[in-house]
Protein chains: 4
Amino acid sequence: MNKKSSDLHGNAPDNSPVALLLIDVINDFEFEGAEPIFQHALPAAKKIAALKNRTGKAGIPAIYVNDNFGKWRSDFRNLVAHCVNDDTRGRPIVELLKPGADDYFVLKPKQSGFYSTTLDLLLDHLGARTLIMTGFTGDICVLFTAIDAHLRDYSLLLPHDCVVSQDKKENERVLEYMKRVLEADIRWSSEIDLKRESVVRRQESQCSAVESLRSRRQHQALGVSPRSMR
Amino acid sequence: MNKKSSDLHGNAPDNSPVALLLIDVINDFEFEGAEPIFQHALPAAKKIAALKNRTGKAGIPAIYVNDNFGKWRSDFRNLVAHCVNDDTRGRPIVELLKPGADDYFVLKPKQSGFYSTTLDLLLDHLGARTLIMTGFTGDICVLFTAIDAHLRDYSLLLPHDCVVSQDKKENERVLEYMKRVLEADIRWSSEIDLKRESVVRRQESQCSAVESLRSRRQHQALGVSPRSMR
Amino acid sequence: MNKKSSDLHGNAPDNSPVALLLIDVINDFEFEGAEPIFQHALPAAKKIAALKNRTGKAGIPAIYVNDNFGKWRSDFRNLVAHCVNDDTRGRPIVELLKPGADDYFVLKPKQSGFYSTTLDLLLDHLGARTLIMTGFTGDICVLFTAIDAHLRDYSLLLPHDCVVSQDKKENERVLEYMKRVLEADIRWSSEIDLKRESVVRRQESQCSAVESLRSRRQHQALGVSPRSMR
Amino acid sequence: MNKKSSDLHGNAPDNSPVALLLIDVINDFEFEGAEPIFQHALPAAKKIAALKNRTGKAGIPAIYVNDNFGKWRSDFRNLVAHCVNDDTRGRPIVELLKPGADDYFVLKPKQSGFYSTTLDLLLDHLGARTLIMTGFTGDICVLFTAIDAHLRDYSLLLPHDCVVSQDKKENERVLEYMKRVLEADIRWSSEIDLKRESVVRRQESQCSAVESLRSRRQHQALGVSPRSMR
């Protein structure tokens, strides 16, 4: 079927070389063993909220990549309402990170944000090639999503203080792993220079893009890049 | 992240060998050239509504597979509200086919309901192997979705009076094509014996299922079925 | 694991905005009902061979997209050898279209060349955005592959005399369909101006590529293109 | 196109609840930094060869999942020939693990054996739900493939002495991770009781299969399994 070709979405960024991913931040934290994660997750949520505020001003779109605990019957905004209105443990985090009207969301059925979802196509539509990844938990859903992003040739930037795992040491290890194997840029959220990021990435994705894209893909797609091969 | 393992969804069918697909029925029909399709679509919508009423009573889940004209920012239920509240041309159809609390929905970015969506996984979760396909338009989104369903070994049942294309003759041709190439069962919606369908399919998916599934897949997956190969 | 980063493949085109697909041309034609298709397929194979000769000279890579009747144990070149050495009905076609050392091949488990194969990634690696599609049969494997190509935003060019279906009238209809719905360019193989094609496509994929790619994807990915939406 | 419906493949196992994967074992080890991996890989290759001998006798199919350093122009058996005939460093490993006529193979363009390949469909065809995973390197291609297998609900068994990473300590860590997060069964290859494995898995995939499959998928597909969710 057809749809109108006009875009009703005001001043929202529809085109950006960088995107911010918020992974599983909309959660009621009402499952067994949620308490210890929640303790780490709340301070990280504050950092993510501050970063999201900055990326929004820099014209970088935010994409919620979230478990669908409504099981394909409830909408994303219902999940948000449930977390807040039913006074769940996750409420303070969800209130900090409440999605705005311009934010995108993708519901994922499994741990990876790319598996059986439209995320790849949405990022393609936005023109995003660099992903700032934040959320919970670092050693499962964030790692699975990061690996799938790497397979698809995205560049990764993971703010250290915006990624949380159940175990702190495991969180360090997984960030170390993503740096070594996925060539992720790991740094504190305060150290991210969005203007530079955006400018650099935007330039990269300008005219020379075709060549660099091609040669990059040529190398990575067929696996001849020395680092990605081991 | 984790979620509660309880299922909150009452008496809704979570397991069924058959599923009803409603393709692109939530539409405002406010695009250029929509009027002639709308003329055919309204009577078909009445047939679909009657069929959905019957499948619901037979415990067959309904899945809305719909274009996301909100562009990954609006929820499915917002699309419904837009069609009804903004007094669009599509309103009478949407009112006939308003989704209920137990219905599932999958937003698709392109013509095929399977491309870059979670539909295959949802059907797997439901245990559905037979799809009753209805909606608009027969020669584009319904056909694309049917072909993708056939590639994934689903059996297809298309009620003649519940599928609409822009051109009537083209609609006949595409149904003929789906019968010949996709081995689809084409019949009037009134001729579908849901009790029989459900019983037959349920038996098929019982004990002998593994064998039949295997041998079916063995044949189809590697392409030795004489009919599917040409 | 790692691989050497050098490319050993001599003067073969590793980068081209256009690619030639040969669909299911390597076939022994030893199945029931193969005779009538073979009668149409042999003259088409001569046209495909002539076209392949021209595309080769123009630096356009050829990709065999073929059923794997060896069932993931035999190699592609074994399939070729079987067709020729076992004196099968398909032998004259296979001899006309014998793959060269620089040709690519993708084995497909089902009718569509994109389903569960690496074709999309290979085309991405080559930088190809326009596909010249040839082979058998037009109304099944060629159509399925063309639809999947359209979903992925490739431009299609189908030489009328290089596509064969079991039924001649059905072949006309399916070409008509691909023109109308998939926006395919349908013409005689002799009418394809490869120099122009190549030059035009190469320019298109130069500097303005990012913009045009983006705006094209923006429109098509989210389905706002008026023609693709019906 | 069509193919003959007969299966020419003699006594090879076409149906098995368990499959043995050999990941990137066909390699010339002629890249920078290959020497240290090779030192660990050779003894592991001996263990893999012994295990493959046992699985073969137990009717468990072997699938080579291998980088395609021939870049979609060379066949898998050419890769084997290159490693052996060109007297490469990898030669002794390839000779130990030379594929037999009944073995399957899947060429992968990236690190994960599932990404852009036909592996999932081949396993579905075989009816395999448990994967014995072996090969190089544990922390990259084996891990990526294991994560993708877990997303698709396969059970994993990783023989400790048949998986090798560049760094020994990292190898231990990644096996520990797969045990914890992917619920993989980690044990020495000598501790695998293939008769038991096969019998148990075959029973599981018999009559009760539909139920267990459904409930398993129901839990895992929508992410309500407590362990997989964190």
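The legends below describe close-up views of a predicted model.

**View 1. Chain A as a whole.** In this predicted model, the secondary structure of chain A comes to 8 helices and 7 strands. Of the 230 residues in chain A, 63% are buried. Among the contacts in chain A with a separation of 6 or more, 80% are accounted for by residues 24 or more positions apart.

**View 2. Helix α6 of chain A beside helix α6 of chain D.** The axes of α6(A) and α6(D), each helix covering residues 168-181 of its chain, come within 13 Å and cross at roughly 115°, and the crossing is left-handed. On the chain A side the contact is made by A:E170, A:R173, A:Y177 and A:R180, and on the chain D side by D:E170, D:R173, D:Y177 and D:R180.

**View 3. Helix α5 of chain D and the residue just after it.** Helix α5 of chain D takes in residues 138-151, and its 14 residues should span 20 Å at 1.5 Å a residue, which agrees with the 18 Å between its end C-alpha atoms. The helix is mostly covered, for 14 of its 14 residues are buried. Just after α5(D), D:D153 takes a positive phi of about 70°.

**View 4. The surroundings of B:A44.** B:A44 has its place in helix α1 of chain B, which runs over residues 34-57. With a relative accessible area of 4%, which is under the 20% limit, B:A44 is buried. Leaving aside neighbours within four places in sequence, B:A44 is in contact with B:F136, B:D161, B:C162 and B:V164. Although B:A44 and B:V163 are 119 residues apart along the chain, their C-alpha atoms are separated by 6.9 Å.

View 5. A disulfide is a covalent bond between the sulfur atoms of two cysteines. A search of the whole structure finds 0 disulfides over all chains. A:C162 is in no disulfide, and the nearest cysteine sulfur, which belongs to A:C141, is 17 Å away; with a relative accessibility of 0%, A:C162 counts as buried. B:C83 is likewise in no disulfide, the nearest cysteine sulfur being that of B:C141, 15 Å away. The relative accessible area of B:C83 is 0%, so B:C83 is buried.

Definitions and conventions: Residues are numbered from 1 along each chain as its sequence is written. Chains are lettered from A and ligands numbered from 1 in the order in which they are written. This is a predicted model: local features need pLDDT of at least 70, side-chain atom pairs count only at pLDDT 80 or more; totals for chains, interfaces and linings use all residues. Side-chain values use heavy atoms; hydrogens and water are left out. Axes are lines fitted to C-alpha atoms, for helices over the stretch in contact, and angles run from 0 to 180 degrees between N-to-C directions. Helices (H or I, at least four residues) and strands (E, at least two) are DSSP runs, numbered from the N terminus. A crossing is left-handed if the near helix is turned anticlockwise from the far one by less than a right angle, and right-handed if clockwise. Contact means heavy atoms within 4.5 Å. A disulfide is a pair of cysteine sulfur atoms within 2.5 Å. Buried means under 20% relative accessible area, exposed over 50%, partly exposed in between (1.4 Å probe, protein chains only). The expected span of a helix is 1.5 Å times one less than its number of residues.
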